[in-house]
Amino acid sequence: MTRSDPRPSRRAVLGGAVGAVSAVAAGTGSAEAAATRATWPTLFPLPDGWLPEGITIGRGPYAYMGSRANGAVYRTDLRTGEGRVVHDGGTGLAAIGLKLDHDGLLYIAGGGGGTARIVDARTGRLLRTHQLTGATGHFVNDVVPLGDRAWFTDSYGPVLYGVPRGRRGGVRALPLTGDWEQTPDVINANGVVATPDGRGLIVVRMTAGELYRVSLRTGRATRIRLVGADDVVHGDGLVRVGHTLYVVQNRLNLVSVWDLDARAGTATLRRTITDPRFDVPATAARFGDRLYLVNARFTSPQTPETTFTAVAVDR
């Protein structure tokens with residue numbers, strides 16, 4: 001989220017001691033609080049057969065993880081590792097990327113179903129469903145709230161979709177132009193974050209391993225020059241903190257860390273993060289000085305008995 005995002009009028013209460021935890025997450029906590037946070041778990045079990053891919057964390061110490069199996073959402077307490085299902089999903093649904101907004105609403109990308117769903121994170125109640133695409137030939141993959149809309153990527157179509165964050169307004173389709181080249185029959189647009197200035201988006205083109213800066217006014221996509229590596233192949237989820245961009249490269253089992261210049265026109269590789277517990281991590285979310293990632297295990301059997309976890313690493 002960027003400073004240009006308007007503050008919704010309704011506040012979410014996502015657990016106790018939110019104010020104290022927010023101070024810790026912002027880096028203003030005491031040394032004692034930081035030491036306490038260091039004792040929090042770094043491995044989080046998910047229900048067998050969950051098929052996770054997306055993860056989002058708000059101001060409170062709770063991670064929300066979606067299910068590709070049925071579109072359900074699981075909430076984990078980062079302090080204890082304990083969790084429960086907060087939204088049941090349904091037959092034929094999927095939760096791919098998801099983001100928690102300031103007002104406690106979850107925006108959920110529906111994958112091959114072509115939908116954007118909005119769920120109340122406190123109650124688990126489905127509030128709205130937007131049909132963004134046709135039922136075939138598309139894959140709504142990830143989402144980021146920015147300005148008055150939540151922006152969704154379509155991996156099989158050169159277009160972004162802007163869903164209103166309020167109760168009014170229609171969906172805006174924004175065709176990608178400029179440097180963008182859509183490759184048939186492979187995953188193109190995947191992860192998405194706001195640019196540091198809050199005026200546009202950064203989108204990863206997964207199979208090609210490229211990053212693009214996209215104007216929300218025109219849809220023009222400008223390829224970001226990479227320094228220090230040729231590509232970000234298998235780039236999936238993105239996390240941006242200031243001018244630092246984290247790219248989860250799923251099948252490589254690593255997170256590449258990039259420094260963006262002032263205009264997000266160049267990204268310079270700073271380092272990579274690896275961990276032996278990574279098992280095709282798909283997306284990540286930040287809380288305090290940690291990144292939390294879900295292991296999608298795309299190279300393992302995807303059955304009701306398959307085990308899944310999320311992990312935390314220092315960022």
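These legends go with close-up views of a predicted model.

**View 1. Four strands make an open sheet, in the order β6-β7-β8-β9.** The pairing here is antiparallel. Look at the two ends of the row: β6 (98-100) and β9 (126-131) are the edge strands, and each has a single partner strand, so one side of each is left without a neighbour in the sheet. On average, neighbouring strands of this sheet are turned by 15° against each other, direction ignored.

**View 2. Zooming in on β6 and β7, an antiparallel pair.** Which residue of β7 is the bridge partner of leucine 98? That would be isoleucine 108.

**View 3. Strand β23 (residues 266-273) pairs with β19 in the parallel sense and with β22 in the antiparallel sense.** On the β19 side (residues 225-227) there are 3 bridges, with leucine 226 partnered by alanine 267 of β23. On the β22 side (residues 254-260) there are 6 bridges, and valine 255 sits opposite isoleucine 273 of β23. β22 and β23 also make a hairpin, with 5 residues between the two strands. Check alanine 264 in that turn: its phi is positive, at about 55°.

**View 4. Serine 256, a residue of strand β22.** Is serine 256 buried or exposed? Its relative accessible area is 2%, and anything under 20% counts as buried, so serine 256 is buried. Its side chain makes a polar contact of 2.8 Å with the side chain of tryptophan 258. Leaving aside neighbours within four places in sequence, serine 256 is in contact with Val232, Leu245, Tyr246, Val247, Gln249, Leu269, Arg271 and Thr272.

**View 5. The largest nonpolar core, with 19 residues.** Ile55, Ile57, Met65, Leu78 and Tyr292 have the most contacts inside this core. At least two core residues come from each of β1 (43-46), β2 (52-57), β3 (62-67), β24 (281-287), β25 (290-295) and β26 (308-314). β26 gives the largest share, 3 residues. As a bit of background, nonpolar side chains tend to be buried together in soluble globular proteins.

View 6. Setting aside neighbours within four places in sequence, isoleucine 57 touches Tyr62, Ala63, Leu78, Ala285, Arg286, Phe287 and Tyr292, all by the contact criterion.

Definitions and conventions: Residues numbered from 1 in each chain as written. Predicted model: local features only at pLDDT ≥ 70, side-chain atom pairs only at ≥ 80, totals over all residues. Heavy atoms only, no water. Pairing = 2+ DSSP bridges. Axes fitted to C-alpha atoms, helices over the stretch in contact; angles between N-to-C directions. Buried < 20%, exposed > 50% of the residue type's maximum accessible area, 1.4 Å probe, protein only. Polar contact = N/O pair within 3.5 Å; in protein donor to acceptor, adjacent residues only side chain to side chain. Contact = heavy atoms within 4.5 Å. Core = buried A, V, L, I, M, F, W, Y, C linked by side-chain atoms within 4.5 Å.
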